[in-house]
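Please look over the notes below with the model open beside them; they are set out as numbered points, each on one group of contacts.

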Amino acid sequence: MADDSNDNAPPTAGANTSEDLEGATGTGADPAAGPGESGEKGPPPARLEDVLPPILVLYPLGGRPFFPGMLTPIQVDGSPYYETIKWALGSPGKMFGIILSQAEDGQEVFNPDKLYRVGTVVRILEAAVNEEEQQVKLLAEGLSRFEVREIISGDGPLRAQVVHHLTPGRQVDQDALKPYTMAVINTLKEILKYDSLYQEQVKMFLSRHNFSEPDRLADFVASMTSSTREELQEVLETLNIQQRLERVLGLLKKELEIVKLQDKISKQVEHGISENQRQFFLREQLKEIQKELGITKDDRTADVDRFRKRMEALTLSEDARQRIDEELDKLAVLEPSSAEYGVTRNYLDWLTLLPWGVHSADKLDLPRARRILDEDHDGLEDVKDRILEFLAVGKLKGEIGGSIILLVGPPGVGKTSIGRSVARSVGREFYRFSVGGMRDEAEIKGHRRTYVGAMPGKFLQAVRHTKVANPIIMLDEVDKIGASYQGDPASALLEVLDPEQNSEFLDHYLDVRFDLSKILFICTANQLDTIPRPLLDRMEVIRLSGYITEEKLEIARHHLVPKQLEKNGLTRNDLRIAKDALRVMVEGYAREAGVRRLEQKIGAIARKSAVRILDGADKPIRVSNRADVEEFLGKPDFRDEKPLKGVGIVTGLAWTALGGATLDIEAAVIEREKPGLTLTGSLGEVMKESARIAHGFVLSNSALFGGKTEALKGTIHLHVPEGATPKDGPSAGITMTTALVSLMRGEAVPRQLAMTGEITLTGQVLAVGGIREKVIAARRVGIRELILPDACRKDYEEVPDYIRNGFTVHFVKRYQEVARIVFENKTS
């Protein structure tokens with residue numbers, strides 16, 4: 001380190017410090033020159049290696065590294081940076097070391113463990129100190145690289161013992177470096193073509209250095225790139241000049257690609273903007289020229305002409321024509337930029353796009369309709385017959401409009417698909433929407449035009465979509481329609497579905513009457529209980545009760561399996577499901593009335609088969625028996641239903657929204673001294689009343705049925721298994737009565753039979769519903785003897801023959817007949 005007598009004052013702002021450094025590094029005067037040649041007018045300039053101190057105060061940076069040869073202003077505010085610069089200003093040579101920290105900002109940058117090992121020695125050229133605010137503004141110049149050997153602990157700024165790495169000067173083989181230097185310079189020239197901002201930096205570099213200094217060139221080019229700080233630090237740590245130039249050349253090539261891409265994006269944006277502006281001005285000029293020549297019209301006139309042209313193709317009512325004319329006159333005086341113009345234009349758009357007087361011709365060909373229904377559905381023969389009867393009446397009348405069909409049945413029995421088949425067989429346009437959960441009557445009758453975003457109701461939207469005034473419109477889930485403070489959509493449907501009113505349907509948005517009487521409405525529901533009675537009275541009800549096993553097998557073979565094969569990208573050569581396997585799936589995995597779950601199970605097998613095929617399994621994959629099905633689907637979801645047997649146990653028949661079901665009812669005496677009746681099994685109020693009626697009837701008529709009357713004078717416990725499932729309805733009246741009689745007689749039902757019917761306190765057996773579903777449920781569990789109310793004889797006779805085949809059915813009017821059939825084996 002130079003001693004205090006060495007005058008190392010910083011140069012002034014106008015001093016040519018780079019020339020001094022050239023002399024110090026051997027690029028200026030030749031030290032070997034003689035006295036005459038060196039001009040012996042003063043002492044030779046100090047060499048750089050002689051003035052660089054072995055101990056440097058360190059100034060950590062959190063951004064990018066500082067390179068030798070760089071000249072930059074630095075502003076320092078506050079501790080600990082202020083103390084660092086003050087220490088450097090008081091040191092000989094006014095030098096300090098700038099080193100990159102791995103930390104980003106804050107006090108953490110002064111952590112010695114975060115510092116890189118290589119930095120740059122910097123000399124302060126100028127400095128302005130503000131002691132009060134602890135601010136320093138200085139001009140600093142990078143001199144050379146240094147490497148930290150050891151951090152010196154103690155008070156004061158961060159200091160380190162360092163080793164300096166100087167450029168070897170003339171020892172460098174300039175010829176070997178020249179190709180690299182020229183490659184860097186040529187790449188730099190390419191960058192200058194695309195980005196003029198680099199030109200100023202190059203000018204500053206050339207004012208202090210030249211391109212014949214490969215080390216300075218490498219450091220300068222690295223500093224001007226947008227590379228990451230890690231990449232720049234690698235350049236700083238590369239001491240070999242040739243390797244440094246190679247690294248810099250790679251960074252520069254990357255920078256060139258970035259600059260090219262930026263230039264391309266900029267040109268594309270400018271071209272797009274200029275092209276859009278050009279087209280805009282040309283269009284405006286073209287409009288003015290066409291107006292002058294009378295070739296074209298403005299937007300308002302074009303809108304009016306378009307609406308009038310649409311009117312010519314429509315058979316408008318007098319009210320509609322008058323309203324359109326009024327709105328067109330209004331549109332003609334409005335400014336196109338006004339909000340009212342947009343509202344009026346949309347209103348006219350709706351009025352003129354509705355198919356006023358446009359009807360499609362019906363194809364009332366009954367053989368064709370039967371063929372289409374048979375193609376689309378297996379089973380449901382009674383439903384198909386009802387639909388064909390409906391079409392036959394329409395053919396005799398010449399039209400089938402003005403009718404409302406309600407298809408009622410459990411989920412998955414094909415209600416929606418039957419609606420599509422009817423539309424296909426008749427040749428009408430089809431439109432479906434769901435009213436389930438609908439709570440706003442504006443969905444039916446439209447919004448008034450005073451509201452923002454107002455539009456007509458669903459029915460006029462359907463008519464506009466189909467482009468005919470007599471489509472088939474399907475309303476799904478009418479039993480799930482709701483009501484709220486926004487109105488009652490079910491009440492709004494009354495006007496739509498009433499043939500006496502819908503010929504002059506008034507939508508709130510149009511405010512013009514439109515004829516909906518030619519539309520065929522098909523509604524679907526799972527049950528009738530939740531449909532308002534006035535709405536139900538307007539519909540012709542067709543029940544879809546569900547499928548028996550044989551029907552499900554045919555549906556699966558003809559429809560579900562081909563559909564799932566196509567859906568999962570398979571063919572019959574990839575997967576084959578035998579009829580026996582389908583039967584196992586129906587009986588063990590999909591016992592509901594419909595076929596939706598069966599389709600899901602077939603889809604699961606198809607997906608698993610696709611995986612096996614891709615894994616290299618042999619084709620076709622065969623699913624033939626129960627073992628194959630369980631391999632794909634696991635153990636069955638349902639156990640075999642075996643009716644319970646014993647004293648006080650009787651099998652009944654019940655109806656649910658998912659189809660029919662068998663219901664075992666159990667009775668037992670739990671306390672003989674205290675009379676009473678205990679009911680369990682999640683029973684509803686109606687079912688509880690049936691139990692009390694049965695209990696009272698048996699107690700009052702015990703002498704008629706034999707047995708021990710004392711058995712019923714204690715507390716009777718009546719239970720319906722599967723307590724987690726809510727149950728209600730009067731259908732179990734005679735079943736509960738028979739369970740109590742069995743308990744009183746101490747005698748089990750001698751054979752396997754099932755029954756349903758409501759009982760009164762005088763022993764009359766009243767009619768119940770869901771006979772078809774209940775018969776199907778009995779067939780499914782293998783019961784072939786039934787007891788039904790005599791009033792249900794007509795309902796039973798409407799059940800298809802293939803379902804009734806093999807049944808022995810007893811029709812009864814009073815309970816005494818039930819007791820004789822069950823316990824004395826006598827038919828009525």
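1. R597 is partly exposed in this predicted model, its relative accessible area being 31%, and D637, at 41%, is likewise classed as partly exposed. The two side chains meet in a salt bridge, with 3.0 Å from N to O. Since R597 belongs to helix α22 (residues 596-614) and D637 to the loop between α23 (626-633) and β16 (649-656), the pair ties together parts that are 40 residues apart in sequence.

2. A second salt bridge joins the side chains of R370 and D385, at 2.7 Å from N to O. Here the residues come from helix α13 (residues 366-376) and helix α14 (residues 381-397) respectively, so that the contact ties together parts 15 residues apart in sequence. R370 has 23% relative accessibility and therefore counts as partly exposed, as does D385 with 34%. The pair is also part of a network of salt bridges that links R370, D374, K384 and D385.

3. The salt bridge between E141 and R123, whose closest N and O atoms are 3.8 Å apart, connects strand β5 (residues 135-152), which holds E141, with strand β4 (residues 115-130), which holds R123, and so ties together parts that are 18 residues apart in sequence. Both E141 and R123 are buried. Over the whole structure, the search finds 37 salt bridges.

4. Turning to the rings, a search of the whole structure finds 12 aromatic pairs. One of them is formed by Y59 and F96, a tilted pair with 5.8 Å centre to centre and 55 degrees between the planes. Because Y59 lies in strand β1 (residues 55-61) and F96 in strand β3 (residues 95-101), this pair ties together parts that are 37 residues apart in sequence. Y59 counts as buried at 7% relative accessibility, and F96 is buried with a relative accessible area of 0%. Ring pairs link Y59 and F96 with Y81 and F110 into a cluster.

5. Two arginines are placed over aromatic faces: R464 lies over the face of W350, at 4.3 Å from the ring centre, and R306 lies over the face of F307, at 5.4 Å from the ring centre.

6. On the surface, L261, I265, V269 and I273 form a nonpolar patch, and together they have about 360 Å² of accessible area. Of these residues, I273 lies in helix α9 (residues 241-293), and its relative accessibility of 45% is why I273 counts as partly exposed.

Notes
Residues are numbered from 1 along each chain as its sequence is written. This is a predicted model: local features need pLDDT of at least 70, side-chain atom pairs count only at pLDDT 80 or more; totals for chains, interfaces and linings use all residues. Side-chain values use heavy atoms; hydrogens and water are left out. Patches are made of residues with over 30% relative accessible area and no salt bridge: like charges are joined within 9 Å, nonpolar side chains (Val, Leu, Ile, Met, Phe, Trp, Tyr) within 5 Å. Accessible areas come from the Shrake-Rupley method with a 1.4 Å probe; for residues, only the protein chains shown count as cover. A salt bridge is a side-chain nitrogen of Lys or Arg within 4 Å of a carboxyl oxygen of Asp or Glu. Helices (H or I, at least four residues) and strands (E, at least two) are DSSP runs, numbered from the N terminus. Buried means under 20% relative accessible area, exposed over 50%, partly exposed in between (1.4 Å probe, protein chains only). Rings of Phe, Tyr and Trp (its six-membered ring) pair if their centres lie within 6.5 Å; planes under 30 degrees apart count as stacked, over 60 as edge-to-face and the rest as tilted. A charge sits over a ring if NZ of Lys or CZ of Arg is within 6 Å of the ring centre and within 35 degrees of the ring normal.
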